[in-house]
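Student: Can we go through this one together? I have the files open.
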Amino acid sequence: MSTISQWQLRAAFAARLSQMYGQEVPAYTTLVDVSREVNEDVLRARGADAERLGSISRVTAERHGAIRVGTPRELEQVARVFAALGMYPVGFYDLREAAASAVPVVSTAFRPVDGEELARNPFRVFTSMLTSADPRFFTPDLRARLETFLAGRELFPPELLALADRAAAERELPQQEADRFLRLAVQAFELSAEPVDRAWYQELERVSAVAADIGGVRSTHINHLTPRVLDIDDLYRRMTDRGIEMIDTIQGPPAWKGPDVLLRQTSFRALAEPRAMRLADGSVESGALRVRFGEVEARGIALTRKGRALYDDLLGRVDQASRNSAEDRGEIARAVWEQHMPGSEEELAAQGLAYFTYVRAEGRPRDGGGPPAGLTELVRQGWVRAEPIVYEDFLPRSAAGIFQSNLSGEGTRDNDQEGTAYDAAWLSGAIGRDVLDPYALYAQQQDRSLAQVARALDLTHALG
């Protein structure tokens, strides 16, 4: 009997989810089509340089999804489903502190962590959990009613979870069980036709549109699905030219002459989708909700902690300058970046601001000398070649910015209350598995490559 491996399950799930979402949100299909057009044009214009941060086949297939759940129990079940696909929780994101408006969630991202697995299929799912225990957003009475509501729903059927556990343990499934698992997994993230209790939804919506989307319904759904594009500024223009309303900005670093770092994201605005609404008298009428949108991303080089501190400092400079100037924020950011951010990969590497893998350069002319001692000189003299490591993770401020841009209102937040503490350790305990540190993953990848270079060049000292 043929079996389906975890990476094949992951690729099939991503493809089926994309097909389902395209049927439910047709503008997403337009986004994918325009992304493909932009990528093809960039490849023709730049040649091999266009694939500096990943092959065109990887970039074209690449997606990340976003889902929202209500409780630690639901998050633990999500972790089991994604473990079947070879996806691990990486990073902790507190969106409550990243947005001025009410976004009462903490998040992690489930993704592959091995370089070979990422190359095969880099599907990720940004997964948020409602912080119902935070008194800044939920009064004791509302919290009690919300948690009772959430405890009474089932997002993932027992059969799906049993198949997921088997796939995680055995790292594969027989063909028939794999098909069943994929059908159930995709169904779990379809938009439900069950009527929404209008009064309950609106009560939560007054706190936060995100809270209503999570706790105002008896199911979950894919909130957005994100293709990757090589020129996000060109895509933004093309989508606008097609009459699709985009959010006001591209989140993340500015467009500039230097290396792309971290992550840039934008989206089209959430669309009004028809939903059945149940009224207080039990009758049902047609309504509409704006909760789902189409996001697109452009990925850059992963920054070290030192590089990330520089990035955060530059964002602060841009914020300060923007408050005191009528100039376009994008122009301000570009000027700040060009003044303070290193303008080449070589400088990023030399200053320890970004992660790279290193390989021995083939075909270097022999000049009779031995390799120099330091890594920077090894690269400069052509002994070693540096390849940038793609940033595989997310930015809380950017994620919150996307969420905010698609909300119909600011919601409410009582800052006189003390917020409830959540962190990566809490999240690890909630889901019963370690939330991995993305910096450690990038550093391990870089360190392994340096050890291989040292062996290849017969160096007696460690590089780094």
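Student: What covers the buried residues of H9?
Tutor: Bear in mind that this is a predicted model. The cover includes helix H6 (140-151), strand E7 (196-197), helix H10 (209-215) and strand E11 (284-290).

Student: And which residues in H9 are buried?
Tutor: In H9, which spans residues 198-207, they are Trp-200, Tyr-201, Leu-204 and Val-207. Viewed down the helix axis, these buried residues fall within an arc of 105°, so they line one face of H9.

Student: What caps the N-terminal end of H9?
Tutor: Asp-197 does. One of its side-chain oxygens lies 3.2 Å from the backbone nitrogen of Ala-199.

Student: You listed E7 and E11 in the cover. What is the strand order in their sheet?
Tutor: The order is E7-E10-E11, in an open sheet of three strands with mixed pairing. E7 and E11 are at the edges with a single partner strand each, so one side of each has no neighbour in the sheet.

Student: In which sense do E7 and E10 pair?
Tutor: Parallel, over two bridges, with E10 covering residues 272-278. Val-196 stands opposite Met-277 of E10.

Student: Switching to aromatics. How many pairs does the structure hold?
Tutor: There are 16 aromatic pairs. One cluster is formed by Phe-13, Phe-82, Phe-110, Phe-123, Phe-156 and Phe-189.

Student: Which ring does the charged end of Arg-218 sit over?
Tutor: The ring of Phe-149, at 5.2 Å from its centre. The charged end of Arg-299 sits over the ring of Phe-394, 5.2 Å from the centre of that ring.

Conventions. Residues are numbered from 1 along each chain as its sequence is written. This is a predicted model: local features need pLDDT of at least 70, side-chain atom pairs count only at pLDDT 80 or more; totals for chains, interfaces and linings use all residues. Side-chain values use heavy atoms; hydrogens and water are left out. Buried means under 20% relative accessible area, exposed over 50%, partly exposed in between (1.4 Å probe, protein chains only). Helices (H or I, at least four residues) and strands (E, at least two) are DSSP runs, numbered from the N terminus. The arc is that of the directions from the helix axis to the C-beta atoms. Contact means heavy atoms within 4.5 Å. A polar contact is a pair of N or O atoms within 3.5 Å; within protein, one must be able to donate a hydrogen and the other to accept it, and residues adjacent in sequence count only if both atoms are side-chain atoms. Rings of Phe, Tyr and Trp (its six-membered ring) pair if their centres lie within 6.5 Å; planes under 30 degrees apart count as stacked, over 60 as edge-to-face and the rest as tilted. A charge sits over a ring if NZ of Lys or CZ of Arg is within 6 Å of the ring centre and within 35 degrees of the ring normal. Two strands pair if DSSP finds at least two bridges between them.
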